[in-house]
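Dear colleague,

Please find below the structure that I am handing over to you. My notes on what was found in it follow directly after.

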Amino acid sequence: MATDIRKIIHIDMDAFYAAVEQRDNPGLKGQPVIVGGRPDSRGVVATCSYEARRFGIHSAMPCARAYRLCPSAIFVRPRFDVYRQVSRQIHDIFLSYSDLVEPLSLDEAYLDVTENKAGILSATWVARDIRREIRRVTGLTASAGVSYNKFLAKIASDVRKPDGLTVVTPEQADSFIRNLPIRRFHGVGRVTEKKMRRLGIENGADLRQHSLETLQRHFGKSGQYYFNIARGIDLRPVEPNRLRKSIGKETTLGEDIADISLMMTIVGDLAEKVAASLEQKETSGLTLTLKVKYADFQTVTRSLSRDAPIAKSGEIVALAEQLLNRTEAGDRAVRLLGLTVSHLTTDVPVDENLQLELPLESSPHFS
Ligand code: DCP
Ligand code: MG
């Protein structure tokens, strides 16, 4: 194997919150367990056990819908402290193998084990050891993907979930990617997926048919990324000191509201929280984004950028009001409001003890 080939592992805990709940409460073992809001609330499912997934339940689904799909499911409130504690345990295990660890969320990380502390030559063996160690220390299972870049490792970890290990060697990469449905490509969101479908792109092989120019024309800056991953090329390093891209807060309302002044009160509350967080992290940002989810679940965002840093709650509220006016809020009822400040003016590391926010578009709130 050439020396410039990296060995990357992506590890992701299985049904993380739900698995922790099943571990700590034997009555939940083997049961459809839903962690999140209450069944009769407007909250959403944070995650659910694999037993519950058989009913079609999944993360971010409204609890009421989950309840209809499986009335016998057991609804459990999240215990973030415990999840954070387990997250630290697995993180320590990762660090005992490599300093090149990049956490993506509480239960997920990339590791570069090209040179690892255990001196193990095979990344597959490292992954096997790590999974074993996680099980021994936490009593929980994790799935791992092993390959020569992040893109492939991440997709591989999903292939044999739960409790699986999948290796994609440089020799296998080509056919692996060719057969991969486009929605499984990490970094291809729902909107891009639709757009790709319209271009006749259903899988990696189709993606590969398109020239760099075409992809750039349709997808802008991401065109180059799609062009590369279709060919198994992803040179992004594993970055242990990830920086935050934004600081934000959102809330699902107890009931849909159409009253603008009430919305502004909630926006004011969010602005204060965001401002407090900016202050605590001693930073500011140049862009403010308002997110509005209408009662029918359609979601829109509106952004504006300033040359001068945005930091204080007063200015955030003022700008947010302008943004709110650019939505149909008021004419339409709203179920969620969110504010995010981005283009941060200083480097803000991802919290040491890991944030509970996820790299997903919406993290659920519990009501
Ligand atoms: N989570 C959340 N809201 C979401 C998605 C996830 O609160 N929309 C939380 C609950 C999950 C945890 O983050 O347990 C990890 O997310 P994953 O996407 O890794 O999902 P799971 O670990 O639950 O399941 P899987 O076995 O598919 O990894
Ligand atoms: Mg997981």
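**Aromatic pairs and rings**

There are nine aromatic pairs in the structure, a pair being two rings of Phe, Tyr or Trp (its six-membered ring) with centres within 6.5 Å, called stacked if the planes are under 30 degrees apart, edge-to-face if over 60 and tilted for the rest. One of them joins Phe151 and Phe185; this pair is tilted, with 5.5 Å from centre to centre and 40° between the planes. Because Phe151 belongs to helix H6 (residues 150-159) and Phe185 to the loop between helix H7 (170-178) and helix H8 (190-198), the pair ties together parts that are 34 residues apart in sequence. Helices (H or I, at least four residues) and strands (E, at least two) are DSSP runs, numbered from the N terminus. Both Phe151 and Phe185 are buried, where buried means under 20% relative accessible area, exposed over 50% and partly exposed in between (1.4 Å probe, protein chains only).

Ring pairs also link Phe16, Tyr17, Phe80 and Tyr83 into a cluster.

Two arginines sit over rings. The charged end of Arg53 is placed over the ring of Tyr50, 4.2 Å from its centre, and Arg231 lies over the face of Phe227, 3.7 Å from the ring centre. The criterion is that NZ of Lys or CZ of Arg is within 6 Å of the ring centre and within 35 degrees of the ring normal.

**Basis of the model**

The model is predicted: local features need pLDDT of at least 70, side-chain atom pairs count only at pLDDT 80 or more, and totals for chains, interfaces and linings use all residues. Residues are numbered from 1 along each chain as its sequence is written, chains are lettered from A and ligands numbered from 1 in the order in which they are written, and side-chain values use heavy atoms, with hydrogens and water left out.

For Asp107, an N or O atom of the side chain lies 3.0 Å from a ligand oxygen. Of the 560 Å² of accessible area that ligand 1 has on its own, the protein covers 87%, by the Shrake-Rupley method with a 1.4 Å probe.

Ala15, in the loop between S1 and H1, has a phi near 40°, a positive value in a residue other than glycine. Ala15 is buried, at 9% relative accessibility.

**Other local features**

Asp163 also has a positive phi for a residue other than glycine, near 55°. Asp163 lies in the loop between H6 and S8 and is partly exposed, at 35% relative accessibility. Pro162 is in the loop between H6 and strand S8 (165-167), and the peptide bond from Lys161 to Pro162 is cis, with omega near -10°.

Ser87, within helix H4 (residues 80-95), is buried at a relative accessible area of 1%. A polar atom of the Ser87 side chain is 2.7 Å from the backbone oxygen of Leu106.

Arg244 is located in the loop between helix H11 (222-230) and strand S9 (246-257) and counts as buried at 12% relative accessibility. The Arg244 side chain has a polar atom 3.4 Å from the backbone oxygen of Ser246.

Yours sincerely

Key: Polar contact = N/O pair within 3.5 Å; in protein donor to acceptor, adjacent residues only side chain to side chain.
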